[in-house]
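Visitor: I would like to go through this structure step by step. Could you display it and begin with the overall layout?

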Amino acid sequence: MSEKREVAPRTEERHSPALVPPIDVLEDETGITLFADLPGVPMDRLTVRVDGDGLLIEGEIAVETPEGTTLAYTEVQTPRLRRVFTLSRELDTTKSDAAFKDGVLKLRIPKAEHAQPRRIAVNVG
Amino acid sequence: MYESLLRFPTDLFAELDRMQREMQGFGGLSLPSSIRAVGRGAFPAINIGSTPTAIRIDAFAPGIDPAKLSISIDRGLLTIAGERASDVPEESEKLSVYAHERAVGPFKRVVSLPEDADPARVAATYRDGVVTIAVQRRESAQPRRIEVK
């Protein structure tokens with residue numbers, strides 16, 4: 001899995017400014033696990049999309065503010081988080097599994113069965 | 001509590017802000033900033049909002065056990081502290097770690113509150129990974145309309 005630089009955004013929406021969420025990526029024998037920090041994103045504003053060999057993670061921050069609030073100091077200045085990756089062929093996205101809790105996305109993409117490690121028996125001829 | 005009043009949530013200002021921080025880092029132009037300001041990428045990121053009746057602090061702290069979060073006010077300083085467990089196990093022969101960017105371990109952020117903040121009336125909630133702290137302002141300091149008789 002490698003990160004894709006947004007050189008040629010495909011859709012209009014990808015032109016909008018977005019923050020890059022921090023991630024952890026792990027790989028074991030059976031697949032890849034990705035964790036992404038998306039604080040302030042409710043479940044219904046989160047998009048995890050596989051498009052060919054591309055993976056898009058996008059979330060919109062929806063923190064309710066009472067009316068008449070003036071922002072005095074902001075470190076999170078863009079209400080959108082986005083990160084794009086390219087996946088490799090041995091990953092089976094049809095069997096991927098995602099969980100989202102307290103602003104943390106956990107995405108598991110298993111390797112296709114043919115790509116899983118196998119012990120090869122050596123016959124003594 | 002106000003690092004700069006000329007702060008708007010637009011990209012241009014965000015960029016200028018970043019440049020200002022970087023220049024300060026290299027001993028260049030030293031524009032005044034809060035003594036408690038920390039570098040970009042601090043965990044958790046904080047937004048502060050203000051209404052006539054309250055001060056609202058949003059701390060972007062995903063994946064935290066709210067029971068392990070400590071929020072305190074002492075002499076006008078609000079402290080948010082806690083610890084974040086790692087989701088990344090030790091790297092081994094069978095496990096490769098390609099990215100480890102998410103914050104791990106103890107964290108602490110301090111915000112100075114304005115003088116009219118009432119430390120007795122504070123409420124905190126945790127939702128979608130955001131800690132929201134509302135500190136009410138003292139009533140005597142709130143804007144009041146004075147009747148002319």
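**Layout of chain B**

Guide: Chain B follows the pattern α-β-β-β-β-β-β-β-β along its sequence, where helices (H or I, at least four residues) and strands (E, at least two) are DSSP runs numbered from the N terminus. The model is predicted, so local features need pLDDT of at least 70 and side-chain atom pairs count only at pLDDT 80 or more, while totals for chains, interfaces and linings use all residues. Residues are numbered from 1 along each chain as its sequence is written, chains are lettered from A and ligands numbered from 1 in the order in which they are written, and side-chain values use heavy atoms, with hydrogens and water left out.

Visitor: How many of each element are in chain B?

Guide: Chain B has 1 helix and 8 strands.

Visitor: What percentage of chain B is buried?

Guide: Of its 149 residues, 35% count as buried. Buried means under 20% relative accessible area, exposed means over 50%, and partly exposed lies in between (1.4 Å probe, protein chains only).

Visitor: And which peptide bond is cis?

Guide: The bond joining B:F43 and B:P44 is cis, with omega at about -10°. B:P44 is found in the loop between α1 (11–25) and β1 (45–50) of chain B.

Visitor: Moving to chain A, how many residues of strand β3 are buried?

Guide: In chain A, 7 of the 7 residues of β3 (residues 31–37) are buried, so this strand is largely enclosed by the rest of the structure. On one side the buried residues are A:G31, A:T33, A:F35 and A:D37, and on the other they are A:I32, A:L34 and A:A36.

Visitor: What does β3(A) pair with?

Guide: Strand β2 (residues 23–28) of chain A runs antiparallel to β3(A), joined to it by 6 bridges. Pairing requires that DSSP finds at least two bridges between two strands. A hairpin through 2 residues joins β2(A) to β3(A), and A:D28 has A:G31 as its bridge partner. Between β3(A) and β9(A), also antiparallel, there are 7 bridges; here A:G31 stands opposite A:P110.

Visitor: Where does A:D102 lie, and what is its phi?

Guide: A:D102 lies in the loop between β8 (97–101) and β9 (104–110) of chain A. Its phi is near 50°, a positive value in a residue other than glycine. A:D102 is partly exposed, with a relative accessible area of 25%.

Visitor: What about B:D128: where does it lie?

Guide: B:D128 lies in the loop between β7 (117–127) and β8 (130–137) of chain B. It has a positive phi of about 50° although it is not a glycine, and at 24% relative accessibility it counts as partly exposed.

Visitor: Now the interface: how much area do chain B and chain A bury between them?

Guide: They bury about 3,500 Å², 52% of it on carbon and sulfur atoms. Buried area is the accessible area (1.4 Å probe) that two parts lose on being put together, summed over both. In chain B, B:Y98, B:R102 and B:D128 lose the most area to chain A, together 17% of what that side buries.

Visitor: How many salt bridges does the rule find across it?

Guide: The rule finds 6 salt bridges across the interface of chain B and chain A, each being a side-chain nitrogen of Lys or Arg within 4 Å of a carboxyl oxygen of Asp or Glu. The side chains of A:R83 and B:E101 meet in a salt bridge (2.8 Å, N to O).
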